[in-house]
Protein chains: 2
Amino acid sequence: MTGSIERERLIRGVAQAARGAARIIAKATAEQRKSALSAIADAIDTARPQILAANAKDLEAGQAAGLSAAMLDRLKLDDARVAGLSRAVREVAAAPEVLGKVEHAETRPNGLEISRVRIPLGVIAMIYEARPNVTTDAAALCLKAGNACILRGGREALESNRALATAVQAGLEKAGLPAETVQLVPVTDREAIADLVKLDDLVDLCIPRGGEGLIRYVAEHARVPVIKHYKGVCHVFVHAAADLAMAERIVDNAKTQRPGVCNALETLLIDRAVAATFIPRIVARLGSRVELRGDATVRELGGTAIRAATDDDWSAEYLDLVLAVRVVDGLPGAIDHIERYGSNHTESIVTTDREAAEQFLRDVDSSTVLVNASTRFADGGELGLGAEIGISTTRLHAYGPMGAEGLTTTKFVVRGSGQIRP
Amino acid sequence: MTGSIERERLIRGVAQAARGAARIIAKATAEQRKSALSAIADAIDTARPQILAANAKDLEAGQAAGLSAAMLDRLKLDDARVAGLSRAVREVAAAPEVLGKVEHAETRPNGLEISRVRIPLGVIAMIYEARPNVTTDAAALCLKAGNACILRGGREALESNRALATAVQAGLEKAGLPAETVQLVPVTDREAIADLVKLDDLVDLCIPRGGEGLIRYVAEHARVPVIKHYKGVCHVFVHAAADLAMAERIVDNAKTQRPGVCNALETLLIDRAVAATFIPRIVARLGSRVELRGDATVRELGGTAIRAATDDDWSAEYLDLVLAVRVVDGLPGAIDHIERYGSNHTESIVTTDREAAEQFLRDVDSSTVLVNASTRFADGGELGLGAEIGISTTRLHAYGPMGAEGLTTTKFVVRGSGQIRP
């Protein structure tokens, strides 16, 4: 792009087209949206050669630019992954309808029949980085909920995203719906994000997904509402009354099953009452696979080979095979620690004491709280939402994993017979 | 205040105290919150002399500053109005509990029991102008929903608001809850608002209530989520199949029963099919009490004494005995007009044609849509929400009137028996 005025004009044009498409898609029937989703899945399958060719260009440019192996892996598509993309779209098509549902209904003493009916949000802006799957996942969820969407992926994935968006638009047109229902912003300057998230007359919601830097940039520039989470510093608390064998399995799973994701365990809290028993067991179980960082008691009971934790470790999101471990004084000590250092994402207690479990579930303020289960279940699919468009650790509109229903709102529908206010 | 750093520090201190109180109030029982609301109502009654004395100071200063009669009326308290404030708090106390409700519950195939439980939002910032009743109404609704609140009223009402906040805090303390649950910001510089709405680490939601200028100022400076509506350009559409006697009553009520409020009628749309019959009738009914501004057909059929409407009239919120009137081509013409000029607030159709009614309810995008009823019913109390903290014409979190339940969110609560992710 040459100038900022030109860029702003282009972004506004995209958003205006999205607003127009949103009006049409909001009035489409469930059947029309469903057949569009099927057509999109078909179009992705058909365009697989073009999608893989575009992805190869991105990978080549990424290698030349020195992207990390992890980044290149996130970017990479192959036959199986493209098949996974179309399968995910078909799953969204098959999921239950979210629009038109009546949430509350009552008849007032004056005879007015009041109901709240679920409707689309409107225009959703998705801001993301190098994962091309977000392009089709987000498009499908937005369409399911009757919304238009504007996709702004990272420059690393531009060619892949273009090819995927072309397939999505082909599917929309085949189903007789406007191609502008799903648009890819072709400008990868960071300023294009700022231009987009300022348009509060045209965009109803922005969902940034990616690293903390991207999310802070969006939050700083946004005039439209933003659903976000900065990080997941998730805790497991092993309570005095825990089944310690279960605690071992849960801690192991929460930490090691997929350490690079936001619902992985980052800090293990151990009740002082079971510290002497549990610490040697968890060190034996994890010590060779996970770098532990402990407080003084942990090192005393687990061995001074354990690195000493600093205050920074209590708020660290390692996303790696590293685990902070701390001994706390009972349930109140655990709750205090989480209140101070937690990220409102996901926390789990392991205990056989029902009362302690209920107190933890009630008093811990996070968006997902669990008892006797791995933190890895804090995920839209696992919690029964179907596919997930994002996770919110701020409390407005959605708190925790957010699915298609999170992309809707309700309006008041009132049926009268001539009522006037006295 | 002397300097901006001092002001920022003071505002941050207020917000930090609110955050601390929010943690405590979120854990209070329904019974505790209810008895605090009763104690607040009692304290308002007891402090009536002090409240009226403080209000007299505000009124005197307002007169000296040349406030309009309407503004002084909004500001004024008397015995009956103070009794109304405490009665409103008692009504909130008596309303159904909103916290702890399980919104969805299911057991997953792996045995995990998932539920979504209603919890407080946290810290609410209310920004408002000269109406002292907002001080106690907002405090009561926030407390009902387990939130702390920060109140920032206009400088015109500062003494009244201080006296009311003192009564509220006395009630909280009597019930054993922290006084900081409800705090009044004692700084009336406009910059104090900007300081407050930037604190996204301490404030969960901001609700501005007042003129468009105030709301735009908040929206421009906010880093925290904002629930707002700029204006209410509400429509009544008299359809070809309307009962015209009913249409007359509804139009009259919607326009004249209380013209200064946001759910009052501003533009009347008349189906061309009934224009020749209905226009003379509505001119005869309203002409002497309401200034009409019509398009060419309206003036042709209703008399050229009717002022010609300009394009500005279609988007005007008069808040006065003025009504824009336009003839449209059937239901599609009405929907197009509303889509173009409406404010997403409230629109009503008058018709005996059930199919037309249902199409209007479905296709008009506003937060409240009605058939055969006055727009004046778009109000939390009338719609069954209990008291109303505000109205939202943006779609996230709340759309339309918002009551105590709008001041809550849900968290995911998961009960397991040792489940791990495979």
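This is a predicted model: local features need pLDDT of at least 70, side-chain atom pairs count only at pLDDT 80 or more; totals for chains, interfaces and linings use all residues.
Colleague: By what turn can chain B be laid on chain A, and which relation is that?
Modeller: Two copies of a chain are related by a rotation about an axis and a shift along it. Here the shift along the axis is 0.0 Å and the RMSD is 0.0 Å, with a turn of 180°. That is therefore the relation of a two-fold axis.

Colleague: What percentage of the contact residues of chain B recur in chain A?
Modeller: In the contact between the chains, 51 residues of chain B meet 52 residues of chain A. The same surface serves both copies, and the share of the contact residues of chain B that recur in chain A is 100%.

Colleague: Which element gives the most to the side of chain B that touches chain A?
Modeller: The elements giving two or more residues to this side are helices H1 (4–27), H10 (244–256) and H14 (354–363) together with strands E13 (368–373) and E16 (408–419) of chain B. The residues of this side comprise 21 nonpolar, 16 polar and 14 charged. With eleven residues, the element that gives the most is E16(B).

Colleague: In E16(B), which residue is the bridge partner of Thr368(A)?
Modeller: Strand E13 (residues 368–373) of chain A pairs with E16(B) in the parallel sense, over five bridges. Within this pairing, the partner of Thr368(A) in E16(B) is Phe412(B).

Colleague: Which strands stand at the edges of the open sheet of four strands in chain A?
Modeller: The order of this sheet is E5-E4-E3-E6 in chain A, with parallel pairing, and the twist averages 20° from one strand to the next. An edge strand has a single partner strand, so one side of it is left without a neighbour in the sheet. The strands in that position are E5 (182–184) and E6 (205–208) of chain A.

Colleague: Which residue of E5(A) is the bridge partner of Ile150(A)?
Modeller: Strand E4 (residues 148–152) of chain A runs parallel to E5(A), and three bridges join them. Helix H7 (residues 158–174) of chain A lies across both strands, at about 160° to E5(A). The partner of Ile150(A) in E5(A) is Gln183(A).

Colleague: Are H5(B) and H6(B) roughly parallel or roughly antiparallel to each other?
Modeller: The axes of H5 (residues 79–94) and H6 (residues 133–144) of chain B come within 9 Å and cross at roughly 15°. Angles under 35 degrees count as roughly parallel. H5(B) and H6(B) are therefore roughly parallel.

Colleague: How many residues of the contact of H3(B) with H7(B) are charged?
Modeller: The residues of H3(B) in this contact include Lys57(B) and Asp58(B), and those of H7(B) include Glu159(B) and Arg162(B). Beside six nonpolar and three polar residues, the number of charged residues is four.

How values were computed
Residues are numbered from 1 along each chain as its sequence is written. Chains are lettered from A and ligands numbered from 1 in the order in which they are written. Axes are lines fitted to C-alpha atoms, for helices over the stretch in contact, and angles run from 0 to 180 degrees between N-to-C directions. Angles under 35 degrees count as roughly parallel, over 145 as roughly antiparallel, 65 to 115 as roughly perpendicular and the rest as oblique. Two residues are in contact if their C-beta atoms, placed from the backbone, lie within 7 Å. Ala, Val, Leu, Ile, Met, Phe, Trp, Tyr, Cys and Pro count as nonpolar, Asp, Glu, Lys and Arg as charged, and the others, Gly among them, as polar. Two strands pair if DSSP finds at least two bridges between them. Copies are superposed by least squares on the C-alpha atoms of residues with pLDDT of at least 70 in both.
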